[in-house]
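Good morning, colleagues. Please have the sequence and the model before you.

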Amino acid sequence: MTDVCGQRAAEAVERAVADATRLLRTAADADWDSTRAGGLEWNCRRTAGHLANALIAYAGQLAGRGRHMDAYAPFDLAFEDGTDPAGLIDVLETTGTLLAMAVRSTPPRARAFHPFPFRSANREGFAAMGVTETLLHTYDIATGLGVAYEPPADLAEFALTRIFPQVRPGPAPWPTLLWATGRGDLPGREPVTDWLWSNNLVLPAGRLTLEGVTPAAAADLATGGDGGFDWVEGGPYEGTRQAAAMTLKAYETGVHRPEFGLFVLVRRKDDRAVGGMGFHTAPDEEGRTEIGYDLATSARGRGYATEALRALSEWALARTDVRSLFATVERANLPSQRVVTRAGFRQVEAEGELFAYELRD
């Protein structure tokens, strides 16, 4: 499998940092110590230092994955006394390069600790966080120094479609990212005063891992791509592609809740994707939501769907906003009926060619 996603993510970091440092060098002779960085409380020097620290911290998390799954690696970046803005920019270039190298060398399914919101992130997540930090803090510094800055639109879109799944796309990616992070306005939307990005949710499920699908991955799956997953023969099945299209539509219309979207079922032993499972919508006012799933033909008959359904159901019913789960199965689909009953669902209705099953908290 060609590692297109890893290459694309690393290149996004490199481009964001190169674009930022090229601009910042035009203002290297300005007073970074006495100039506040845009709307931040920090001056430009401290903001640049924070950005460099973020980039090296993300690189460190990826490099140390498996050893730092509960906290950040305990190190910090220190600048030599007397480091001028040109030196700070050199450090930004270096730390950006280190993050890009870490992204390239990290396996697709590997994860490392990050607190928001589900306690881990994959390489695309760390790349998107690095791109976001770079774009936003370059904007902050440039605004303070009176330098115009607008990054390439595709870099803002890269960030939005990976770690801002709850943000409805606006007329253009860069103004949308500024609005989503409290730095700008969008017509028809209330100002943002409090925000966090959101890495995808990953759930253990016996022999499988359920990986939440980002809007970027959903768009790729919906248009015939692999979504960044290494699929077994016959995958992804058509139901997964349809669910990806539903996820993308929810994102584009502003009703997507990523924890109630699509998950890809990844086999632990070889990191290959075997199917898809997810919710049709977020829970309604009564706490009801419906689950659907499918498997690639070559992965059927091995209990994968049952393990995944049990894990996802247990996670959902442990929440305060979910009271009951439903699944509908065709009357003739006996294997799928066995899956839902083994996962604890009971039949509650039969209408035409469909059986309805329910699982309550």
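The lining of the second largest cavity consists of 7 nonpolar, 5 polar and 1 charged residues. This is a predicted model, and the cavity in question holds about 100 Å³ of space. Of its 13 lining residues, P165, N200, L201, V213 and P258 lie nearest the centre.

In total, there are 3 cavities of 30 Å³ or more. At least two lining residues come from each of helix 4 (123-145), helix 5 (153-163) and strand 4 (208-212), and helix 4 gives the most, with 3.

I turn now to the pockets. Which residues lie nearest the centre of the largest pocket? They are G239, I291, G292, Y293 and D294, from a lining of 47 residues. The volume of this pocket is about 1200 Å³. Several elements give two or more residues to its lining, among them strand 7 (272-279), strand 8 (288-295) and helix 9 (304-317). Helix 8 gives the most, with 8 residues. The lining divides into 21 nonpolar, 17 polar and 9 charged residues.

Finally, the second largest pocket has a volume of about 460 Å³. Among its 25 lining residues, H50, A54, Y58, E133 and W197 are the closest to the centre. Helix 2 provides the largest share of that lining, 7 residues, and helix 4 also supplies at least two. Here the lining residues are 15 nonpolar, 6 polar and 4 charged.

Notes. Residues are numbered from 1 along each chain as its sequence is written. This is a predicted model: local features need pLDDT of at least 70, side-chain atom pairs count only at pLDDT 80 or more; totals for chains, interfaces and linings use all residues. Side-chain values use heavy atoms; hydrogens and water are left out. On a 1 Å grid over the protein atoms alone, a cavity is a set of points where a 1.4 Å probe fits but cannot get out, and a pocket is an open set with protein on both sides within 12 Å along at least five of seven lines; lining residues have an atom within 4 Å of a point. Grid points are joined across faces, edges and corners, and a volume is the space filled by probe spheres set on the points. Helices (H or I, at least four residues) and strands (E, at least two) are DSSP runs, numbered from the N terminus. Ala, Val, Leu, Ile, Met, Phe, Trp, Tyr, Cys and Pro count as nonpolar, Asp, Glu, Lys and Arg as charged, and the others, Gly among them, as polar.
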